[in-house]
Amino acid sequence: MPPRIPTPSRFGVTNLCLRPAPSNAQLPITSSANFVIMAQRRKYKDPYALAQAKQRKDANLSRRAELQEQRKAALGDPVRGITTPFLESFDHVGGSDILNDATITAEGVAIKSTDDVLLNHFLRPSELEASIKHSQALTEPIVSKIRDFADPVIEAEEKRKHEEGHAKAVAAMARIVSLANASQKDKTRANVVRCIEKFGRHNTEQTLKPRAPPNPAMLGDKPLPEKTPRAGPDTGSSEVQIAILTAKIRVLANQQEMKGGNKDKVNKRNLRLLVHKRQKLLRYLRKKERGGERWQHLVETLGLSEGTWVGEISL
(Lines give C-alpha, C1' and ligand atoms only; values in the text may rest on other atoms or scores of the structure.)
Protein backbone atom coordinates (compact mmCIF):
# COMPACT_ATOMS: atom_id res chain seq x y z
CA MET A 1 0.00 0.00 0.00
CA PRO A 2 1.48 3.42 -0.93
CA PRO A 3 2.39 5.71 1.93
CA ARG A 4 -0.02 8.43 2.94
CA ILE A 5 1.22 11.90 2.01
CA PRO A 6 -0.31 14.72 4.03
CA THR A 7 -1.71 17.59 1.97
CA PRO A 8 -0.76 21.12 3.01
CA SER A 9 -3.67 22.93 4.54
CA ARG A 10 -3.07 26.04 2.49
CA PHE A 11 -4.13 24.22 -0.72
CA GLY A 12 -7.60 23.67 0.75
CA VAL A 13 -7.82 20.01 -0.33
CA THR A 14 -9.78 17.63 1.84
CA ASN A 15 -7.94 14.51 3.11
CA LEU A 16 -9.79 11.54 1.56
CA CYS A 17 -7.74 8.71 3.19
CA LEU A 18 -10.10 6.42 5.07
CA ARG A 19 -7.42 4.41 6.91
CA PRO A 20 -7.74 4.62 10.66
CA ALA A 21 -4.94 6.42 12.36
CA PRO A 22 -2.63 4.18 14.45
CA SER A 23 -3.77 4.01 18.00
CA ASN A 24 -1.59 4.05 21.04
CA ALA A 25 -3.25 0.93 22.46
CA GLN A 26 -0.76 -1.60 23.88
CA LEU A 27 -0.47 -5.14 22.49
CA PRO A 28 -1.70 -8.04 24.63
CA ILE A 29 0.90 -9.33 27.03
CA THR A 30 0.18 -13.04 26.36
CA SER A 31 1.35 -14.01 22.85
CA SER A 32 0.32 -16.99 20.78
CA ALA A 33 3.66 -18.71 21.43
CA ASN A 34 2.83 -18.96 25.12
CA PHE A 35 -0.38 -20.82 24.28
CA VAL A 36 1.60 -23.34 22.19
CA ILE A 37 4.08 -23.95 25.02
CA MET A 38 1.28 -24.41 27.50
CA ALA A 39 -0.43 -26.90 25.21
CA GLN A 40 2.80 -28.86 24.84
CA ARG A 41 3.25 -28.99 28.58
CA ARG A 42 -0.29 -30.25 29.03
CA LYS A 43 0.34 -32.94 26.41
CA TYR A 44 3.46 -34.23 28.17
CA LYS A 45 1.58 -34.39 31.43
CA ASP A 46 -1.29 -36.31 29.88
CA PRO A 47 -0.64 -40.09 30.28
CA TYR A 48 -2.93 -40.87 27.36
CA ALA A 49 -0.89 -38.64 25.03
CA LEU A 50 2.34 -40.16 26.30
CA ALA A 51 1.03 -43.66 25.64
CA GLN A 52 0.01 -42.68 22.11
CA ALA A 53 3.47 -41.22 21.40
CA LYS A 54 5.17 -44.35 22.69
CA GLN A 55 2.90 -46.54 20.58
CA ARG A 56 3.72 -44.53 17.42
CA LYS A 57 7.45 -44.74 18.17
CA ASP A 58 7.34 -48.49 18.71
CA ALA A 59 5.42 -48.95 15.47
CA ASN A 60 7.98 -46.90 13.54
CA LEU A 61 10.89 -48.79 15.03
CA SER A 62 9.34 -52.18 14.31
CA ARG A 63 8.59 -51.14 10.73
CA ARG A 64 12.16 -49.90 10.31
CA ALA A 65 13.56 -53.20 11.60
CA GLU A 66 11.26 -55.10 9.25
CA LEU A 67 12.43 -53.09 6.24
CA GLN A 68 16.06 -53.62 7.22
CA GLU A 69 15.52 -57.37 7.44
CA GLN A 70 13.86 -57.39 4.02
CA ARG A 71 16.74 -55.42 2.52
CA LYS A 72 19.31 -57.66 4.21
CA ALA A 73 17.60 -60.78 2.86
CA ALA A 74 17.38 -59.35 -0.66
CA LEU A 75 20.71 -57.52 -1.02
CA GLY A 76 22.83 -58.73 1.90
CA ASP A 77 24.31 -57.03 4.91
CA PRO A 78 25.44 -53.50 3.89
CA VAL A 79 28.08 -53.41 6.65
CA ARG A 80 29.64 -56.87 6.85
CA GLY A 81 28.65 -58.40 3.54
CA ILE A 82 29.44 -62.11 3.14
CA THR A 83 32.01 -63.74 5.39
CA THR A 84 35.16 -64.89 3.53
CA PRO A 85 38.51 -66.28 4.75
CA PHE A 86 40.33 -63.05 3.90
CA LEU A 87 37.67 -61.05 5.75
CA GLU A 88 38.05 -63.24 8.83
CA SER A 89 41.83 -62.82 8.69
CA PHE A 90 41.39 -59.14 9.63
CA ASP A 91 40.63 -60.27 13.19
CA HIS A 92 43.98 -62.01 13.69
CA VAL A 93 46.01 -59.97 11.13
CA GLY A 94 46.54 -62.95 8.88
CA GLY A 95 47.99 -65.09 11.67
CA SER A 96 50.50 -62.42 12.73
CA ASP A 97 49.00 -61.82 16.17
CA ILE A 98 50.85 -64.77 17.70
CA LEU A 99 53.28 -64.19 20.53
CA ASN A 100 56.82 -64.60 19.21
CA ASP A 101 59.26 -66.50 21.39
CA ALA A 102 63.05 -66.46 21.54
CA THR A 103 64.89 -69.74 20.87
CA ILE A 104 68.49 -70.71 21.53
CA THR A 105 70.32 -71.88 18.40
CA ALA A 106 73.89 -72.71 17.53
CA GLU A 107 74.43 -69.13 16.37
CA GLY A 108 72.89 -67.65 19.52
CA VAL A 109 69.49 -66.48 20.67
CA ALA A 110 67.03 -65.62 17.86
CA ILE A 111 63.34 -64.87 17.48
CA LYS A 112 61.42 -67.77 15.98
CA SER A 113 59.24 -66.38 13.17
CA THR A 114 58.92 -66.50 9.40
CA ASP A 115 59.61 -63.57 7.12
CA ASP A 116 55.97 -63.32 5.96
CA VAL A 117 54.73 -62.57 9.50
CA LEU A 118 54.07 -58.90 10.14
CA LEU A 119 55.58 -57.30 13.21
CA ASN A 120 54.73 -54.15 15.08
CA HIS A 121 56.52 -50.83 14.57
CA PHE A 122 56.89 -51.40 10.78
CA LEU A 123 59.47 -54.17 11.22
CA ARG A 124 60.20 -57.33 9.28
CA PRO A 125 61.64 -60.45 10.96
CA SER A 126 64.75 -60.29 8.76
CA GLU A 127 65.37 -56.67 9.77
CA LEU A 128 64.86 -57.50 13.43
CA GLU A 129 67.23 -60.46 13.26
CA ALA A 130 69.96 -58.35 11.63
CA SER A 131 69.55 -55.64 14.29
CA ILE A 132 69.79 -58.19 17.12
CA LYS A 133 73.00 -59.64 15.70
CA HIS A 134 74.46 -56.16 15.32
CA SER A 135 73.56 -55.23 18.91
CA GLN A 136 75.07 -58.47 20.18
CA ALA A 137 78.34 -57.68 18.43
CA LEU A 138 78.37 -54.14 19.85
CA THR A 139 77.75 -55.20 23.46
CA GLU A 140 80.07 -58.18 23.46
CA PRO A 141 82.80 -57.81 26.11
CA ILE A 142 86.23 -56.87 24.78
CA VAL A 143 88.90 -59.51 25.12
CA SER A 144 92.26 -58.13 26.17
CA LYS A 145 95.02 -58.60 23.61
CA ILE A 146 97.69 -58.72 26.29
CA ARG A 147 97.17 -62.20 27.63
CA ASP A 148 99.82 -61.91 30.36
CA PHE A 149 97.55 -59.81 32.58
CA ALA A 150 94.21 -61.41 31.50
CA ASP A 151 92.16 -63.46 33.94
CA PRO A 152 90.26 -66.33 32.23
CA VAL A 153 87.82 -66.64 35.13
CA ILE A 154 86.76 -62.98 34.93
CA GLU A 155 86.45 -63.17 31.14
CA ALA A 156 84.27 -66.26 31.37
CA GLU A 157 82.04 -64.59 33.97
CA GLU A 158 81.65 -61.47 31.81
CA LYS A 159 80.80 -63.61 28.78
CA ARG A 160 78.19 -65.53 30.76
CA LYS A 161 76.58 -62.31 32.01
CA HIS A 162 76.57 -60.94 28.47
CA GLU A 163 74.83 -64.03 27.10
CA GLU A 164 72.19 -63.95 29.85
CA GLY A 165 71.54 -60.25 29.31
CA HIS A 166 71.34 -60.74 25.55
CA ALA A 167 68.85 -63.59 25.95
CA LYS A 168 66.63 -61.42 28.17
CA ALA A 169 66.86 -58.53 25.71
CA VAL A 170 65.88 -60.76 22.79
CA ALA A 171 62.90 -62.16 24.73
CA ALA A 172 61.79 -58.62 25.59
CA MET A 173 62.12 -57.52 21.94
CA ALA A 174 60.06 -60.53 20.85
CA ARG A 175 57.22 -59.42 23.13
CA ILE A 176 57.53 -55.77 22.12
CA VAL A 177 57.36 -56.32 18.35
CA SER A 178 54.65 -59.00 18.50
CA LEU A 179 51.22 -57.94 17.26
CA ALA A 180 49.64 -60.09 19.97
CA ASN A 181 50.57 -57.34 22.44
CA ALA A 182 49.74 -54.50 20.05
CA SER A 183 46.78 -52.15 20.22
CA GLN A 184 43.89 -52.20 17.78
CA LYS A 185 45.39 -49.21 15.98
CA ASP A 186 48.61 -51.13 15.28
CA LYS A 187 46.65 -54.18 14.10
CA THR A 188 44.63 -52.00 11.74
CA ARG A 189 47.86 -50.53 10.39
CA ALA A 190 49.14 -54.06 9.71
CA ASN A 191 45.87 -54.93 7.94
CA VAL A 192 46.29 -51.83 5.78
CA VAL A 193 49.70 -53.14 4.69
CA ARG A 194 48.11 -56.51 3.85
CA CYS A 195 45.38 -54.81 1.78
CA ILE A 196 47.99 -52.86 -0.21
CA GLU A 197 49.92 -56.05 -0.95
CA LYS A 198 46.74 -57.97 -1.83
CA PHE A 199 44.88 -55.47 -4.02
CA GLY A 200 47.61 -53.03 -5.10
CA ARG A 201 47.91 -52.77 -8.86
CA HIS A 202 51.68 -53.06 -8.64
CA ASN A 203 50.94 -56.73 -7.85
CA THR A 204 47.57 -57.39 -9.51
CA GLU A 205 48.64 -56.08 -12.92
CA GLN A 206 50.81 -59.18 -13.29
CA THR A 207 47.94 -61.63 -12.71
CA LEU A 208 44.68 -59.82 -13.51
CA LYS A 209 43.72 -58.49 -16.91
CA PRO A 210 42.97 -54.74 -17.08
CA ARG A 211 39.75 -53.43 -18.54
CA ALA A 212 39.36 -53.26 -22.32
CA PRO A 213 40.68 -50.06 -23.95
CA PRO A 214 38.12 -47.59 -25.36
CA ASN A 215 36.98 -47.82 -28.97
CA PRO A 216 39.32 -45.74 -31.22
CA ALA A 217 36.30 -44.62 -33.27
CA MET A 218 34.87 -42.88 -30.21
CA LEU A 219 38.12 -41.02 -29.56
CA GLY A 220 38.48 -39.76 -33.13
CA ASP A 221 41.89 -38.29 -33.84
CA LYS A 222 42.72 -37.80 -30.17
CA PRO A 223 45.53 -40.05 -28.91
CA LEU A 224 45.18 -42.11 -25.78
CA PRO A 225 46.41 -40.27 -22.67
CA GLU A 226 49.73 -41.53 -21.35
CA LYS A 227 49.73 -43.13 -17.93
CA THR A 228 51.78 -41.53 -15.21
CA PRO A 229 54.48 -43.96 -14.06
CA ARG A 230 53.83 -45.35 -10.60
CA ALA A 231 56.33 -44.54 -7.88
CA GLY A 232 56.29 -47.16 -5.15
CA PRO A 233 53.41 -49.48 -4.22
CA ASP A 234 49.84 -48.67 -5.23
CA THR A 235 48.00 -47.14 -2.28
CA GLY A 236 45.44 -44.89 -3.97
CA SER A 237 43.49 -47.08 -6.38
CA SER A 238 39.81 -47.67 -5.70
CA GLU A 239 40.19 -51.35 -4.85
CA VAL A 240 42.91 -50.67 -2.28
CA GLN A 241 40.86 -47.91 -0.63
CA ILE A 242 37.78 -50.16 -0.54
CA ALA A 243 39.77 -52.93 1.13
CA ILE A 244 41.20 -50.52 3.73
CA LEU A 245 37.72 -49.16 4.47
CA THR A 246 36.39 -52.72 4.82
CA ALA A 247 39.08 -53.51 7.41
CA LYS A 248 38.19 -50.39 9.42
CA ILE A 249 34.45 -51.07 9.08
CA ARG A 250 34.89 -54.57 10.50
CA VAL A 251 36.68 -53.19 13.56
CA LEU A 252 33.91 -50.66 14.27
CA ALA A 253 31.18 -53.23 13.62
CA ASN A 254 32.77 -55.60 16.14
CA GLN A 255 32.91 -52.80 18.72
CA GLN A 256 29.24 -51.98 18.14
CA GLU A 257 28.30 -55.58 18.93
CA MET A 258 30.19 -55.57 22.23
CA LYS A 259 28.52 -54.86 25.55
CA GLY A 260 27.49 -51.21 25.67
CA GLY A 261 28.45 -50.66 22.03
CA ASN A 262 24.97 -49.49 21.06
CA LYS A 263 25.50 -46.44 23.29
CA ASP A 264 28.72 -45.43 21.53
CA LYS A 265 27.33 -42.70 19.29
CA VAL A 266 30.74 -41.52 18.06
CA ASN A 267 31.77 -44.89 16.66
CA LYS A 268 28.31 -45.37 15.19
CA ARG A 269 28.66 -42.10 13.31
CA ASN A 270 32.16 -43.06 12.13
CA LEU A 271 30.82 -46.43 10.97
CA ARG A 272 28.08 -44.70 8.99
CA LEU A 273 30.60 -42.38 7.32
CA LEU A 274 32.93 -45.23 6.36
CA VAL A 275 30.09 -47.35 4.95
CA HIS A 276 28.82 -44.48 2.79
CA LYS A 277 32.34 -43.65 1.60
CA ARG A 278 32.88 -47.28 0.60
CA GLN A 279 29.52 -47.25 -1.20
CA LYS A 280 30.62 -44.29 -3.36
CA LEU A 281 33.91 -45.97 -4.24
CA LEU A 282 32.14 -49.23 -5.08
CA ARG A 283 29.71 -47.45 -7.39
CA TYR A 284 32.60 -45.72 -9.16
CA LEU A 285 34.64 -48.91 -9.52
CA ARG A 286 31.61 -50.88 -10.69
CA LYS A 287 31.00 -48.30 -13.42
CA LYS A 288 34.65 -48.42 -14.52
CA GLU A 289 35.51 -52.10 -14.05
CA ARG A 290 32.13 -53.84 -14.23
CA GLY A 291 32.58 -57.43 -15.38
CA GLY A 292 36.36 -57.14 -15.26
CA GLU A 293 38.72 -59.36 -13.34
CA ARG A 294 39.62 -56.60 -10.89
CA TRP A 295 35.99 -56.13 -9.89
CA GLN A 296 35.37 -59.86 -9.55
CA HIS A 297 38.55 -60.35 -7.54
CA LEU A 298 37.62 -57.53 -5.15
CA VAL A 299 34.01 -58.63 -4.61
CA GLU A 300 34.83 -62.30 -4.13
CA THR A 301 37.79 -61.71 -1.80
CA LEU A 302 36.08 -59.17 0.46
CA GLY A 303 32.62 -60.79 0.28
CA LEU A 304 30.88 -57.60 -0.85
CA SER A 305 27.19 -58.09 -1.64
CA GLU A 306 24.87 -55.80 -3.58
CA GLY A 307 23.68 -54.26 -0.34
CA THR A 308 27.06 -52.52 0.07
CA TRP A 309 26.55 -50.32 -3.00
CA VAL A 310 22.89 -50.54 -4.09
CA GLY A 311 20.23 -48.17 -2.81
CA GLU A 312 20.20 -46.13 0.36
CA ILE A 313 22.07 -47.44 3.40
CA SER A 314 20.66 -46.40 6.77
CA LEU A 315 22.28 -47.51 10.00
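## Close-ups of a predicted model

View 1. You'll find Val 93 in the loop between helix 3 and strand 1 (101–104). Look at its backbone too: phi of Val 93 is near 55 degrees, a positive value in a residue other than glycine. Keep in mind that this is a predicted model.

View 2. Where in the chain is confidence lowest, and where is it highest? Strand 2 has the lowest confidence, at a mean of 60, while helix 9 has the highest, at 95.

**View 3. His 121, another positive phi.** His 121 sits in the loop between strand 2 (109–112) and helix 4 (125–139). Its phi is near 60 degrees, again a positive value in a residue that isn't glycine. Is His 121 buried or partly exposed? With a relative accessible area of 45%, His 121 is partly exposed.

**View 4. Asp 77 in its loop.** Asp 77 is in the loop between helix 2 (47–75) and helix 3. Its relative accessibility is 18%, so Asp 77 counts as buried. A polar atom of the Asp 77 side chain lies 3.2 Å from the backbone nitrogen of Val 79. If you skip residues up to four places away in sequence, Asp 77 touches Lys 72, Ser 305 and Thr 308.

**View 5. Helix 11 and its neighbours.** Helix 11 covers residues 293–302, and its buried residues are Arg 294, Trp 295, Leu 298, Val 299, Thr 301 and Leu 302. Which helices do these buried residues pack against? The partners are helix 3 (85–88), helix 6 (184–199), helix 7 (201–204), helix 9 (238–256) and helix 10 (265–289).

**View 6. The largest nonpolar core.** In soluble globular proteins, nonpolar side chains tend to be buried together. Here, the largest nonpolar core has 19 residues, and those with the most contacts inside it are Phe 199, Ile 242, Leu 282, Leu 298, Leu 302 and Leu 304. Helices 3, 6, 9, 10 and 11 each supply at least two residues of this core. Helix 9 gives the most, with five residues. Zoom in on Leu 302: leaving aside neighbours within four places in sequence, its contacts include Ile 82, Phe 86, Leu 87, Phe 199 and Ile 242. Apart from this core lies another, of nine residues, among them Ile 249, Leu 252, Leu 271 and Leu 274.

**View 7. Salt bridges inside a helix.** The structure holds eleven salt bridges. In one of them, Lys 133 pairs with Glu 129, with the closest N and O atoms 3.6 Å apart. Why are the two about one helical turn apart? Lys 133 and Glu 129 are four residues apart in helix 4. In another, the closest N and O atoms of Arg 160 and Glu 157 are 2.3 Å apart. These two are three residues apart in helix 5 (residues 152–177), so about one helical turn separates them. Glu 157 and Arg 160 also belong to a network of salt bridges with Glu 164.

**View 8. A salt bridge between two helices.** Arg 201 forms a salt bridge with Glu 239, and their closest N and O atoms are 2.7 Å apart. Arg 201 lies in helix 7 and Glu 239 in helix 9, so this pair ties together parts that are 38 residues apart in sequence. Both Arg 201 and Glu 239 are buried.

Definitions and conventions: Residues numbered from 1 in each chain as written. Predicted model: local features only at pLDDT ≥ 70, side-chain atom pairs only at ≥ 80, totals over all residues. Heavy atoms only, no water. Buried < 20%, exposed > 50% of the residue type's maximum accessible area, 1.4 Å probe, protein only. Contact = heavy atoms within 4.5 Å. Polar contact = N/O pair within 3.5 Å; in protein donor to acceptor, adjacent residues only side chain to side chain. Core = buried A, V, L, I, M, F, W, Y, C linked by side-chain atoms within 4.5 Å. pLDDT = per-residue confidence, 0-100. Salt bridge = Lys/Arg side-chain N within 4 Å of Asp/Glu carboxyl O.
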